[in-house]
Amino acid sequence: MLSEKQSNEERHGGIVELVAKRGFLTIEALAQHFGVTVQTIRRDVNMLASEGRLSRYRGGAGLASSIENIEYERRQVVNLNAKQRIAAKVAQDVPANASLFINIGTTTEQAARALLSHQNLRVITNNLNVAKIMSENPHCSIVMAGGKLRNRDGAVTGLPAVQMFEQFRADIGIIGISGIDKDGGLFDFDLDEVLCTQAILRNSRRVFLLADHSKFGRPALVKVGTFAQISALYTDTPPPEHISTLLKEVGAALEISG
């Protein structure tokens, strides 16, 4: 028998998938389809909208925006516990004396916090918040990419940042993402940010992708890459079955945080 948490998560995934197919559905139609109360669906839709997985409209739910991410301050607190669990799992798989790329994102910032007790790390990042967090570790050497600073979230982007990444070959690239398409495509919202992440993909011996459950099926405009370019996906709940199948096909590990 499914636990309440599992059944809720399955319903949330089903709502996102159904809205993606239809474009828009009323609250009443969703309640009838899933056999729950209108009040339950309203709570579901409000939560999914807060995660950026769909858009809340008067009387119903529609497709999430593919061109605009939710505000950084909201992203910092949305699914925070899940992000912390993912970060702890990643930290277990990062050895001492490793070189790391870490890109922009709130989940990668949590990974930086989880790595604070690691010894002799070399971190190359375009995330000002990651650099600040990792500077608390006296056994960590930090290389900060130069470029254009995005004030709202501490992201550094532009050609200088890409060129900086191209000068290194790191043991592990730790990356976050805004959306994972049903075909295993990895997507984000900002082209400059994507160009930096693509440089990390090209110059990492292994790539750890960090994505909580809200990223599955979430639309974003700019393509970063595919599952074929990662070594492992770290997430907080079992992904849709087709995602697990795609990971197996390309030989990427699936790591689910407990």
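User: Why is Lys 89 called partly exposed?

Analyst: In this predicted model, Lys 89 has a relative accessible area of 24%. Buried would require under 20% and exposed over 50%. The value for Lys 89 falls in between, and the residue is therefore partly exposed.

User: What makes Lys 89 and Glu 255 a salt bridge?

Analyst: The closest N and O atoms of Glu 255 and Lys 89 are 3.8 Å apart. A salt bridge needs a side-chain nitrogen of Lys or Arg within 4 Å of a carboxyl oxygen of Asp or Glu, so the pair qualifies. Glu 255 belongs to strand β15 (residues 253-256) and Lys 89 to helix α5 (residues 80-92), which places these distant parts of the chain 166 residues apart. With a relative accessible area of 22%, Glu 255 is partly exposed.

User: How many salt bridges does the structure hold, and what makes Arg 11 and Asp 44 one of them?

Analyst: There are nine salt bridges in the structure. For Arg 11 and Asp 44, the closest N and O atoms are 2.6 Å apart, and the pair counts because this distance is within 4 Å.

User: How do you know whether Arg 150 and Glu 193 are buried or exposed?

Analyst: The cut-off for buried is under 20% relative accessible area. Arg 150 has 15% relative accessibility and so counts as buried. Glu 193 has 10% and so counts as buried too. Salt bridges with shared partners join Arg 150, Asp 153, Asp 190 and Glu 193 into one network.

User: What do the side chains of Arg 150 and Glu 193 form, and which parts does the pair tie together?

Analyst: Arg 150 and Glu 193 meet in a salt bridge, at 2.8 Å from N to O. Arg 150 is in strand β7 (residues 148-150) and Glu 193 in helix α9 (residues 191-202), so the pair ties together parts that are 43 residues apart in sequence.

User: Why are helices α2 and α3 called roughly perpendicular?

Analyst: The axes of helix α2 (residues 27-34) and α3 cross at roughly 110° and come within 9 Å. Angles of 65 to 115 degrees count as roughly perpendicular, and the helices are therefore described in this way. On the α2 side, the contact is made by Ile 27, Leu 30, Ala 31 and Phe 34, and on the α3 side by Val 38, Ile 41, Arg 42 and Val 45. By class, these are seven nonpolar, no polar and one charged residues. Arg 42 is the charged one, because Arg belongs to the charged class.

User: What makes the pair of Phe 101 and Phe 165 edge-to-face?

Analyst: Aromatic rings pair if their centres lie within 6.5 Å, and by this rule there are three aromatic pairs. Phe 101 and Phe 165 lie 5.2 Å apart from centre to centre, with 75° between the planes. An angle over 60 degrees counts as edge-to-face, so the pair receives that name. Phe 101 is in strand β4 (residues 99-102) and Phe 165 in helix α8 (residues 159-165), 64 residues apart. At 0% relative accessibility, Phe 101 counts as buried, and Phe 165 is buried with a relative accessible area of 0%.

User: Why is the pair of Phe 208 and Tyr 234 called tilted?

Analyst: The ring centres of Phe 208 and Tyr 234 are 5.1 Å apart and the planes stand at 55°. Phe 208 is part of strand β12 (residues 204-210) and Tyr 234 of strand β14 (residues 232-235), 26 residues apart. Both Phe 208 and Tyr 234 are buried.

User: How do you know that Lys 215 counts as buried?

Analyst: Lys 215 has 11% relative accessibility, which is under the 20% cut-off, so the residue counts as buried. Lys 215 lies in the loop between β12 and β13 (222-226). Leaving aside neighbours within four places in sequence, Lys 215 is in contact with Ile 177, Ser 178, Gly 179 and Ile 180.

How values were computed. Residues numbered from 1 in each chain as written. Predicted model: local features only at pLDDT ≥ 70, side-chain atom pairs only at ≥ 80, totals over all residues. Heavy atoms only, no water. Helix = DSSP H or I, 4+ residues; strand = E, 2+ residues; numbered from the N terminus. Buried < 20%, exposed > 50% of the residue type's maximum accessible area, 1.4 Å probe, protein only. Axes fitted to C-alpha atoms, helices over the stretch in contact; angles between N-to-C directions. Parallel < 35°, antiparallel > 145°, perpendicular 65-115°, else oblique. Contact = heavy atoms within 4.5 Å. Phe/Tyr/Trp six-rings, centres within 6.5 Å; stacked < 30°, edge-to-face > 60°.
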